[in-house]
Each structure stands twice: as C-alpha cells, then as structure tokens.
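Please read these notes with the model open beside them.

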Amino acid sequence: MFPTHRARRLRRNESIRDLVRETRLHAEDLVYPLFVQETSGEPEPIKAMPGQSRHTVDSLLAECEQAVEAGVRAVLLFGIPAQKDDVGSQAYAETGIVQRAVRALKERGFPLLICTDVCLCEYTSHGHCGIIHEGDVDNDPTLELLARTALSHAQAGADLVAPSDMMDGRIKAVRRMLDESGFQRVAVMSYAAKYASAYYGPFREAADSAPRFGDRRSYQMDPANAREALREVRADVEEGADIVMVKPALAYLDIIHAVRREVDVPLAAYNVSGEYAMVEFAARAGVIDRERVIAETLLSIKRAGAEIILTYWAREVAGWLKEK
Ligand code: PBG
Ligand code: ZN
C-alpha cells in the first residue's frame, strides 16, 4: 500500500505552506540595539559591524525616525561616554550620553518603547562591568551603582531598563531603587542567562568596552552550563524581572528552549554582534544569500522559544515584513 501520510501535500504551494506555518516573525517582536556616542560631530561606522554606526544624538533621532517608519516598536540604547573612570561615573550622570539621548527621544514623542542597557563596562576605564577590588569585580558595592544607573535612565524617561552586568542580586537592587523613587511603571528586562561569550567581540570594538585586564568569566556564565541558566533565570524572576533574556542566541538555542519551559515571564534572546558580523562578512564574501540567512536565523530563535528578539537587523527586517 501507498503511504497514508504524504508530508509533501502540505508543501505543494505557497498557499498551503503559509497555512500550516508554525512560526512567524513580526515587527512587534523585534528590539533594535543602537549605539550613541558623546564625542565627535558625525556618526561613525563600526568596522566590525558593517551597516551599524556609533550615533550622535542627532543621527540617533534620524535613525529612530526611519526605524519607526519601517515598523520597529522598541529600541535598546548603549552609550559611549567621552570620559571613562574607574567607577564609571558617566553611567549614572544626569547629563550622561544615554540620559541625554533618552530625553531627546522622549521629546520627539516617537511611538517607540525606549529601553536602556544598564551596565558599567562602557563607562569604566578598566572595561569591567563593576568596580574593581583586588583584581576582581566587587559585587555588592557595584549593585548600588547599577541601581543608580537604572534610576537615572528612568528619570530621563526610559520605559524599560535592562541590566546586563551579571552581578548577583542586581535585579532586586534595581527594582527596589526604581520603586522607592516612584518608578514602579518602569519595566526590568534581565540579561538573566548571559554567557561569557567570544561572540561579543564586535560589540566591544563598537562600545570600546573590552576589559583592559582579565576577562568576564568571574561574572558571566560558563558556556558549558545549561542547568545553571535555569537557576539564574529563576533567581531573576524571584527578584522581580518582568522579562528574562538569554544571550547570545544561536549557540544557545537549547538554553532558550529550556528557559521557555521553566518560567512563564516573556522571554527575549539577543542575536549578538558576532552573530550579526558572521552573516554580514559571509554575505560580503559572496558565499551566502544574505536575506534568506537573516530570515532563517531570526526564525530559528523564535522557534526555539523566544518571543522577543534583540537584533541589529531589526530595522531592515521590519521593513521587509511591512512590504510583505
Ligand atoms: C554590556 C553588554 C555587552 C553586550 C550587551 N551588553 C558586552 C559584554 O558583556 O561584553 C553584548 C552585545 C553584543 O555583542 O551584541 N555588558
Ligand atoms: Zn558590562
């Protein structure tokens, strides 16, 4: 007898493939990370991330206008200060670059969710995500500075703050500071399972945030560990995270899948700079079909279980989805 089930029946043409598709990308899923720099009058292209720039406040506004036009609904801001010091003062300065950028965006009234990355590594002279004591990042004194950073972003008008430092207890410290200061409405997205990954290489060039000594393995997670990611995520949910994130995405699709089953808060995944750069440079070498690889990449992250994707392709992909 011939087979009863013929899988190919559901693949015959576009209409039936569209009908049975299990996973779809939407512009609403995407968060667009953007860099804003304090110095220089012109936006500066980032060599390691073709197509991305370090923006001035003005060019950031122009970029956001185009992103909104394309259908992007959320941005995540990273700041690059003019001055760095050993305690990262510009991270929590009222007139810091991110604080100024948030105010400028809010003034324009863009229909965008304004998210900010909360960390010290772009602001410290040593490039670590906290303050240093005897050659290592000192956890508890760092919490106070992270909470002050989050508060200063909220005061500037941020809708959501995203601590990316991986200190223990930071979600609680940030949540408490926001609540005590009347910012109950500001959401916290925790970089909950953030691995010590070589895929952040291009970002560190972009943000000039590579550690000047050592590495981040005493605070970011060991790529070998999966169970530990579940512990990290549960801890952050208990401390008050509204959304949790897995980072990077592609080498950690198993973690995304496992976290999705573990907690019931919204789950984000960060398609990081190295994942972006690999595709862009392979496309420039003419060895892949760039647009299809981008679409397949983002779909895989969603299929693994992330509802929210942070990607440098957000503006472009939102544009494609709008055209369709
Ligand atoms: C700051 C931070 C990093 C990224 C996001 N926030 C770098 C790092 O931890 O070294 C990486 C983003 C990317 O690679 O696209 N802690
Ligand atoms: Zn950091």
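1. Helices (H or I, at least four residues) and strands (E, at least two) below are DSSP runs, numbered from the N terminus. The model is predicted, so local features need pLDDT of at least 70 and side-chain atom pairs count only at pLDDT 80 or more, while totals for chains, interfaces and linings use all residues. Residues are numbered from 1 along each chain as its sequence is written, chains are lettered from A and ligands numbered from 1 in the order in which they are written, and side-chain values use heavy atoms, with hydrogens and water left out.

2. The zinc ion (ligand 2) is coordinated by the SG atoms of Cys119, Cys121 and Cys129, at 2.2 to 2.3 Å. Donors are N, O and S atoms within 2.8 Å of the metal (3.2 Å for Na, K and Ca); water is not among the atoms, so sites may look incomplete. The spacing of the donor residues in sequence is C-x1-C-x7-C. Both Cys119 and Cys129 lie in the loop between β5 (113-118) and β6 (132-133), so the pair ties together parts that are 10 residues apart in sequence.

3. The arrangement is tetrahedral because the 4 donor atoms around the zinc ion (ligand 2) subtend angles of 97 to 121 degrees; for four donors the term requires all angles to lie between 85 and 135 degrees.

4. Cys119 counts as buried because its relative accessibility is 1%, and Cys129 counts as buried at 0%. Buried means under 20% relative accessible area (1.4 Å probe, protein chains only).

5. The largest cavity holds about 150 Å³ of space. Of its 18 lining residues, Phe78, Lys194, Tyr200, Phe203 and Lys247 are the closest to its centre. β9 (187-194) and α6 (201-207) each supply at least two residues of this lining. On a 1 Å grid over the protein atoms alone, a cavity is a set of points where a 1.4 Å probe fits but cannot get out, and a pocket is an open set with protein on both sides within 12 Å along at least five of seven lines; lining residues have an atom within 4 Å of a point.

6. The largest pocket has a volume of about 850 Å³. Its lining has 20 residues, with Arg21, Thr23, Arg24, Leu299 and Lys324 nearest the centre. α1 (14-20), α10 (290-304) and α11 (314-323) each supply at least two lining residues, and α10 gives the most, with 5.

Methods. Four donors count as tetrahedral if all angles lie between 85 and 135 degrees; four count as square planar and six as octahedral if opposite donors are over 155 degrees apart and all others between 65 and 115; anything else is irregular. Buried means under 20% relative accessible area, exposed over 50%, partly exposed in between (1.4 Å probe, protein chains only). Grid points are joined across faces, edges and corners, and a volume is the space filled by probe spheres set on the points.
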